[in-house]
Amino acid sequence: MATIVMERIGRLFINLQQVRAVPQMLTEAAPSMPGTLRDTEVPGFFRERYIHAGYRPLHQGWRYYFLSLFQRHNETINVWTHLLGSLLVLVKFLQLAETVDFIDDTHAWPLLILLLSSLAYMACSTVAHLLAAKSEFYHYCFFFLDYVGVAQYQYGSAVAHFYYAVEPNYHQWVSPVFMPTATFLCCLSCLGCCYGKYRNYSLRVWVRKVGQVIPSAMAYAWDTSPVFHRLLRSLWTTLHSDDIAAPASGVVGDPAISFHGSQVAFFLSSAFFFTNPLPERLFPGHCDFLGQGHQLFHVFLVICTLCQIQASHLDYLGRRPLYTQLHGEGAATVYLVQYGATLVACVCIAVFIARKVKRLLNCRDKSK
């Protein structure tokens, strides 16, 4: 017995030694990792308002920027929030794949599109925040990639909401125009964000923000309108029903309603922190690593997405007689093809603006 105990203690000691050696292994893997810089040591284009330190140096090798995933800098939390978020969505995807037939059941394809687009925007955001410090040109390119991911998520949200969450009377009003409009707004949002970023030098900050925020706000309002309509209808029914009928028609009788309400609340919270640099504006220089509004934006958006996926899954399970009646057998196939088409269109927009950026930077370098 004593021998067995000693063997286990010895194994535990070895394991602890291995854990303690991890920081040294990382240091040996990147022995020449340069330190971070203050805002006065990097070009003005890379500076964020109220963030005074934690900037990574430009023009390092790609290995440095990949390994900066484990370095303390002012983008570390932005990288990890969406990296962990994408892993959570992937885990949810794998869980759903055990019970949902994403291949043969065409009515599951809108849920598949939502999952793929959620993974896409989080992965693109992770890459952008991790690698965009390489140079000014790559800063543009990777954030254009980020905007492509956001546009795809907008389309995925529109499909899931229109397919699963829509009420029959609202479907009757908007059926011919809903998805074409959602597709157009998806591409317009990508174009507005990319072009606003491209015109960074020649437009005022508020003009660029308007050009970027308004198309995205329009896309969100339209894509989520079936959910807004359903929430208002549920609230109206609950308030104007007697005590006996209320549970059957209100929130209690619809398990997805609470998740739809949560996704709206978390999205609006994320939008607030996206448009307002808080709390760093109140504490300049004290949120260089942790506590930035953009970090809170990421966290709230991840929670919003998880609530949205859960709500759509519950609708997929509980509203099948309704959505099979509203949507023909071929509708999901059309939406899947449109998803691929919007992806191609948004990538073309990003590539087109990236070429304009390349010419702009070349002309500026030649003029020096």
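Before anything else, my rule: a salt bridge is a side-chain nitrogen of Lys or Arg within 4 Å of a carboxyl oxygen of Asp or Glu. The model is predicted, so I keep in mind that local features need pLDDT of at least 70 and side-chain atom pairs pLDDT 80 or more, while totals for chains, interfaces and linings use all residues. Residues are numbered from 1 along each chain as its sequence is written, and side-chain values use heavy atoms, leaving out hydrogens and water.

**Salt bridges**

I looked up Glu 167 and found a salt bridge to Arg 230, with the closest N and O atoms 4.0 Å apart. Glu 167 sits in the loop between α6 and α7 (168–174), and Arg 230 in helix α10 (residues 225–239), 63 residues apart. Helices here are DSSP runs (H or I, at least four residues) and strands are E runs of at least two, numbered from the N terminus. Both Glu 167 and Arg 230 are buried; that means under 20% relative accessible area, with exposed over 50% and partly exposed in between (1.4 Å probe, protein chains only).

Next I checked Glu 136, which meets Arg 364 in a salt bridge (3.0 Å, N to O). Glu 136 is in helix α6 and Arg 364 in helix α15 (residues 331–366), so the pair ties together parts 228 residues apart in sequence. Glu 136 counts as buried at 13% relative accessibility, whereas Arg 364 is partly exposed at 29%.

How many salt bridges does the structure hold? I get seven.

**A buried charge on its own**

Asp 39 lies in the loop between β1 (37–38) and β2 (53–55).

**Rings**

I noted one aromatic cluster, with Trp 222, Phe 178 and Tyr 316 among its members. For charges over rings (NZ of Lys or CZ of Arg within 6 Å of the ring centre and within 35 degrees of the ring normal), I wrote down Arg 72 over Phe 289, 4.0 Å from the ring centre. Lys 358 sits over Phe 137 at 4.7 Å.

**Whole chain**

I count 15 helices and two strands in the protein chain. Of its 368 residues, 46% are buried.

How values were computed
Rings of Phe, Tyr and Trp (its six-membered ring) pair if their centres lie within 6.5 Å; planes under 30 degrees apart count as stacked, over 60 as edge-to-face and the rest as tilted.
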